[in-house]
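Hi,

Here is the structure I said I would pass on. Have a look at it first, and then read my notes below.

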Amino acid sequence: MSQPRSFPRGGVRPPERKSATAGLPIRRACVPAEALLPLRQHAGRAARCLVRLGESVAEGQPIGRAVDGLSADVHASIPGLVRQLREIRLPDGTSSPAVLVSLEGEFSRTGRVRRPEDWKALSRGELLQRLEAGGVVDQDGKPAAAKLRAEGGLVVVNAVESEPYLTGDQRLLVERAAEVLSGAAIAAFILGTGAVQVGVEADKKEALRSVAEAAAGSGFQLVPLAPRYPQGEESLLILALSGQRTGGRLEDSGSVTLGVGTLLAIHEAVTQAMPQIERVVTVAGEAVRNPANLKARLGTPVSALLEECGLGRPARVIAGGAMRGFALDSLDTPLTKDMNGILALSRREILPAVRTPCINCGRCAEVCPWGLRPADLFKWLERGEAAEARSRGLEACTECGCCAFVCPARIPLVQGLREGKRKGAA
Amino acid sequence: MLAVTACLVPGAAWGVLLLGPAALRVLGVAVGASLAAELVVQALAWRRFTLGDGSALLTGLLVGLSLPVYVPLFVPAVAAAFAAAVVKASFGGLGCNWMNPALGGRLFAAFSWPVLLAVRPQPAAGWLRLTAGLSDGSLLGGTGTAGLVSTLLLAVGGAYLLARRIAAWEIPAGFAAVFALAFWAFGGLPAGLFRGDLPSALGSGSFALAALFMATDPVTSPQGRGARLAFGAGCGALSFLLRAFGGRMEAPFAAAALMNMFVPLLDRWPAKRGPR
């Protein structure tokens, strides 16, 4: 196999901490007694609510309808009664309307495997329609249908999982590579080219072998990548695979990247008419007694998933990965389409957050994949000079967190830059 | 900060060994004054005490090393206190000062008591001949600064800082290159071009201290390769001019302090952008 490829500058190698779950098969989580389903689990505006208080909903029934190009349908992940309609706070601090469903009635979808339909008989329009009906959203928050509406181009399978702890994608590749690649084939068919590249980190041997076996004879190109964070960033991935710069607009790159979980959801939405009501989530950290990859219903409270794996006394609970995730202040937060990890970390696992003055050491600038100077931007924003920060490239920041990871002064760089960007957008 | 301090220790120890208790007194007074000044200022301003960050210790040590051993002890005391209280604390403490505190303290002494700091011949001891063989006679040039004697050891400590990337290599590189080139080309005038006495220029302790330990202070130096090289080059050029036309041993210090003023400008140097 060729030399693993990577992106040109910056990046870090955080400790892996994957061994606890990397070898364990994905297992099913218990069905929750109540599911809290946010109507905004995507990049666009919140979906329009389709249900009324007290109404009974079937498993997989749409409860929210997409309102713009970047929003997606939301489905009931369990059968039951609509108990509440309220505003909730999502892990990233924004709020969203949500539907609380309490379990009642029968499971009309789970366990009833339909005979897989031959999708090759369907037209491009019909396929896109099924993705929309399934509410399939990629890991970046964009609906799969919206990403695949581009003409021509290449499908890039983003199987990079460079954040510590997370092993869900890796396990899906080991256990269900054929279905994931079927999803990729459907995506490539929709784009009209059939070309697929799979980017996997070179140290994930088992996943590589499994994908290579499943891809044999398909013409898909398997590309090993250097294990380096944030290799999973869309534009860095495209850059590593093609050696081509995206010039600021992913749309121009001629590539559409899709995550492993998304491709599986595409496969199920198309061949089984199964909406996205479940996802695989890594539950790990030292404060978890039995770390695991759980296939859980969306809307399951984080607390239930942690209890299922044996929760000790965490110093902090994080939704998402250790680099990009958000610390939770409430464990009632529900599992959403983009939540790839739930980390209950012990005191030992988190760095002490005693902030000291910036001494201008410049390490943040060294690791920034975009060549920004995060500490400078942070200082401009602190002084209220947002325009100056923007003129120095603030908008290029993707909040990957490399800067905060290496900062010896423990300055909350990512929070600062994120807030600065939000204010600029508002 | 503690790593930088540790890298100064071999040079300082060698100086103390050579020059005896006088050197130890200067270093001790400077360190003590710097620590005390920081403590007093923070107590008065009702701020959190930060002696533990090692910055005041480093400042005191640098001030002590940059002064001749024969000065009256109030000089290191006032210089180090000025460095900690005025140059650093009055701008907001660590990370907020625009000039390296040790440079500021050293220059304060130079401008306040030029006569006390003037070059004096050093009483030759048996020891000194030994070090003369180590590098060059000019190392001992009679200035008698504890730091100067130990240039080589300072250089070793500095090399460690560069290797660990605690200090940016671009700054001493630019500094040394331009300083050496200018000295070699014009240092021999009026005898002729390209006849400068390089070893005496590069072997001076004040040059090593300024280039490796003071100009490289990240707080008061720019970011980015180009800007750092330019910053170092500016230090080198000014050092040569000040030494050639001023004849002062504090030329490298004054040069680095002057270049500190250009840091905000150099930070406008366009950064090399990433792949987007």
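**What I found**

Let's start with chain B, which has 15 helices and zero strands. Keep in mind throughout that this is a predicted model. Of the 276 residues in chain B, 54% are buried. If you take the contacts in chain B with a separation of 6 or more, 73% of them are between residues 24 or more positions apart.

On the H12(B) side, the contact is made by B:Ser206, B:Phe207, B:Ala210, B:Ala211 and B:Met214, and H14(B) brings B:Pro252, B:Phe253 and B:Ala256. By type, that contact of H12(B) with H14(B) has seven nonpolar residues, one polar and no charged.

How many of the 10 residues of H14(B) are buried? Nine of them are, which leaves the helix mostly covered. The buried ones are B:Ala251, B:Pro252, B:Phe253, B:Ala254, B:Ala255, B:Ala256, B:Ala257, B:Met259 and B:Asn260. What do they pack against? Besides H12, the buried residues of H14(B) pack against helix H3 (55–66), helix H5 (101–112), helix H13 (225–246) and helix H15 (263–266) of chain B.

Now over to chain A and its domains. Four residues of domain 1 of chain A are in contact with four residues of domain 4 of chain A. On the domain 1 side of that contact in chain A, three residues are nonpolar, none is polar and one is charged.

Next, the strands. Chain A has an open sheet of six strands with mixed pairing, in the order S1-S14-S13-S17-S15-S16. Strand S1 (27–28) and strand S16 (326–327) of chain A are at the edges, and each has a single partner strand, so one side of each has no neighbour in the sheet. Further in, strand S15 (residues 316–319) and strand S17 (residues 341–345) of chain A are antiparallel and paired over four bridges. Within that pairing, A:Val317 has A:Ala344 in S17(A) as its bridge partner. Look also for helix H4 (residues 168–191) of chain A, which lies across strand S13 (278–284) and strand S14 (292–297) of chain A and runs at about 120° to S13(A).

Strand S3 (residues 48–49) of chain A is joined by two bridges to strand S5 (residues 62–65) of chain A, with A:Arg48 partnered by A:Arg65 in S5(A). S5(A) is also joined by two bridges to strand S6 (residues 74–75) of chain A, again antiparallel. There, A:Gly64 is opposite A:Val74 in S6(A).

Finally, some single residues in the loops of chain A. A:Glu286 is in the loop between S13 and S14 of chain A. Is A:Glu286 buried or partly exposed? It has 18 other C-beta atoms within 10 Å, so A:Glu286 is partly exposed. Leaving out residues up to four places away in sequence, A:Glu286 touches A:Leu345, A:Ser346, A:Arg348 and A:Glu349. A:Gly312 is 26 residues from A:Glu286 in sequence, and their C-alpha atoms are 8.2 Å apart in space.

A:Tyr165 is not a glycine, yet it has a positive phi of about 75°. You'll find A:Tyr165 in the loop between strand S9 (154–159) and H4 of chain A, and it is buried, with 31 other C-beta atoms within 10 Å. A:Asn360 also has a positive phi, of about 65°, without being a glycine. A:Asn360 belongs to the loop between S17 and helix H9 (363–367) of chain A, and it counts as buried with 21 C-beta neighbours inside 10 Å.

A:Pro230 is in the loop between strand S11 (221–225) and helix H6 (234–242) of chain A.

Cheers

Notes: Residues numbered from 1 in each chain as written. Chains lettered and ligands numbered in written order. Predicted model: local features only at pLDDT ≥ 70, side-chain atom pairs only at ≥ 80, totals over all residues. Pairing = 2+ DSSP bridges. Buried ≥ 20, exposed ≤ 12 C-beta atoms within 10 Å, placed from the backbone. Contact = placed C-beta atoms within 7 Å. Nonpolar A, V, L, I, M, F, W, Y, C, P; charged D, E, K, R; others polar. Axes fitted to C-alpha atoms, helices over the stretch in contact; angles between N-to-C directions.
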